Each structure stands twice: as structure tokens, then as C-alpha cells.
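Subject: Structure handover

Hello,

The structure is pasted below, followed by notes on what was found in it. Please read the notes with the structure open.

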Amino acid sequence: MEHLGQYDLNCDLKNGVNMCCDEESFVKEINTTSIEYAVKVLLMDLGEDINREGIIKTPHRVAKALFEGTRGYKQSAKEIVEGALFPEAGVDSTKVGHAGELVIVRDLEFYSYCESCMLPFYFKCHVGYVPSGQRVLGLSKLSRVTNVFAKRFQEPQRLANEVCSALHQGIEPAGVAVVLQCTHINIPDTESNFFDSNHKGLVETLVSSGSGVLENNDADTWGDVLVSQVRG
């Protein structure tokens with residue numbers, strides 16, 4: 001196995017990340033050295049030649065992808081919500097579905113990283129809430145709040161719970177409902193309940209989380225809108 005040479009990993013782990021709060025300059029400000037080194041070690045331990053043409057730039061690409069895919073650790077869902085609340089009369093009914101008083105946005109598509117294996121998983125999100133006190137959230141912010149928690153290492157149920165909790169605390173609605181349809185590459189022989197060791201290929205799972213009047217997923221509003229949308 002090829003030796004990487006003299007390398008002060010402890011120093012790079014301490015100084016290797018220079019994060020910037022401004023999202024536009026996020027990629028420009030990162031230093032990927034320590035992660036690149038770790039990826040090189042991983043590839044070599046798997047028996048790969050880290051100097052061959054197709055692999056030589058892989059450590060850098062992986063490091064950038066990981067920084068991008070976990071930027072949610074540096075973002076605040078609370079700040080997103082607080083900066084986008086407005087009176088209920090401002091809701092544009094052409095962009096959302098309604099069932100009674102429920103405001104819902106469907107089919108938001110994201111990816112996240114599985115905390116059990118660090119592989120990405122894809123999910124489709126349906127988010128709804130019942131406004132209270134004439135406070136509603138700008139529709140695009142439902143997507144942004146979801147993405148904050150998606151861009152962290154996750155497992156599906158906790159992801160749904162975190163999105164639900166953040167929206168409930170920020171909007172202070174009568175209730176929030178979140179449904180996630182997740183698709184993951186099957187990894188057998190793991191401890192996570194996310195996987196089915198008897199299944200080959202992709203594994204799909206459906207999780208939900210609710211609060212307030214939507215805490216019970218048997219509620220009429222929940223069943224008529226969110227669950228029917230997923231089944232359809």
C-alpha cells in the first residue's frame with residue numbers, strides 16, 4: 001500500500017475548516033485538506049490506487065460534496081422562519097392546497113446523508129400547518145427550513161420530527177404535519193431499522209410527524225390532505 005508521507009493530521013483537523021456564514025461564499029471559504037486526507041486513506045484501505053486518473057481528484061470532490069451536503073449545521077431554521085412571517089391574508093391560494101384551514105406544500109424534493117452509513121438518501125416531503133393568530137410563513141421558507149435539517153446527518157424519523165418542531169416553534173400554528181417518502185440504497189447487515197437485509201436494491205420508507213391539532217395522524221385534516229397525497 002502506498003504511503004501518504006509525512007502529514008500532520010491533528011493540525012489539519014484543527015485548522016482545516018474555515019466556515020463562512022454567508023452561503024454564497026460557502027464553497028470558496030472551506031479548506032478541505034483534512035477530509036481529502038481521510039478519503040485518500042479510505043480509498044487505499046479499500047484497495048484503490050489513489051493516483052490513477054479516475055480517482056486522483058476524487059478526495060477533493062468528496063470533501064466539497066460533504067461540506068455542501070452538511071451545510072445545515074451552520075444554518076438556523078429559527079432565523080429563516082422569523083424573517084418570513086406575515087399576516088394570513090397574504091397567502092396566495094394559487095400556490096398551495098387547502099383543506100379547511102390547512103396550508104400545505106407538496107412534493108418538495110431533497111437529499112440527506114444517512115447517519116448509519118453516510119450514504120445519501122433521497123426523499124420527497126409534504127408539509128402542512130394550520131395557521132393560528134393570523135401568522136403564516138412564506139411558502140418558499142417551508143422548503144428552506146426542511147433543507148436546513150436535510151443538510152445534516154440524519155435518519156428519517158428524526159428528520160421529520162425536527163422539521164415539524166422547528167415550524168411549530170417558529171410559526172406558533174395550531175398544528176404542523178410532515179410526511180417524508182424516503183428512498184435509500186439497501187445496505188444489509190446494519191443495525192439501523194432503515195434497512196431490510198432481505199431486500200435488494202433500493203429501500204423505501206414512509207415516516208410522519210405532527211404537532212398540535214395534527215399530532216394525531218388520524219385527524220381528519222391530516223388524513224384528507226397529507227396521507228391521501230402520499231397514497232396517490
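V203 lies in strand β8; helices (H or I, at least four residues) and strands (E, at least two) are DSSP runs, numbered from the N terminus. V203 is buried, at a relative accessible area of 8%; buried means under 20% relative accessible area, exposed over 50%, and partly exposed in between (1.4 Å probe, protein chains only).

Before the rest, the conventions. This is a predicted model, in which local features need pLDDT of at least 70 and side-chain atom pairs count only at pLDDT 80 or more, while totals for chains, interfaces and linings use all residues. Residues are numbered from 1 along each chain as its sequence is written, and side-chain values use heavy atoms, with hydrogens and water left out.

Chain totals

The chain has 8 helices and 8 strands. Of its 232 residues, 40% are buried. The accessible surface is about 13,000 Å², and carbon and sulfur atoms hold 47% of that; areas come from the Shrake-Rupley method with a 1.4 Å probe, and for residues only the protein chains shown count as cover. Among contacts (heavy atoms within 4.5 Å) with a separation of 6 or more, 66% join residues 24 or more positions apart.

Nonpolar core

A nonpolar core here is a set of buried Ala, Val, Leu, Ile, Met, Phe, Trp, Tyr and Cys residues joined through side-chain atoms within 4.5 Å. The largest one has 33 residues, and F123, L167, V178 and L180 touch the most other members. Two or more residues each come from α5 (77-82), β3 (102-114), β4 (120-130), β5 (135-137), α6 (139-150), α7 (156-171) and β7 (175-185). The top contributor is α7, with 7 residues. Setting aside neighbours within four places in sequence, L180 is in contact with F123, K124, C125, P156, L159, A160, T205, L206 and V207. As background, nonpolar side chains in soluble globular proteins tend to be buried together.

Largest pocket

The search used a 1 Å grid over the protein atoms alone: a cavity is a set of points where a 1.4 Å probe fits but cannot get out, a pocket is an open set with protein on both sides within 12 Å along at least five of seven lines, and lining residues have an atom within 4 Å of a point. Grid points are joined across faces, edges and corners, and a volume is the space filled by probe spheres set on the points.

The largest pocket holds about 200 Å³. Its lining consists of I35, A38, V39, L42, L43, T58, V62, A65, L66, Y113 and M118. The elements supplying two or more of these residues are α3 (33-45) and α4 (58-69), and α3 gives the most, with 5. By class, the lining has 10 nonpolar residues, 1 polar and no charged ones; Ala, Val, Leu, Ile, Met, Phe, Trp, Tyr, Cys and Pro count as nonpolar, Asp, Glu, Lys and Arg as charged, and the others, Gly among them, as polar.

Y37 also sits in helix α3. Y37 is buried at 18% relative accessibility, and its C-alpha atom is 7.3 Å from that of P59, 22 residues away along the chain.

Loops

M118, one of the lining residues, is in the loop between β3 and β4. M118 is partly exposed at 45% relative accessibility, and its phi is near 65°, positive in a residue other than glycine. E172, in the loop between α7 and β7, likewise is not a glycine and has a positive phi of about 55°.

N216 is in the loop between β8 (202-212) and α8 (220-231). N216 is partly exposed, with a relative accessible area of 46%.

Regards
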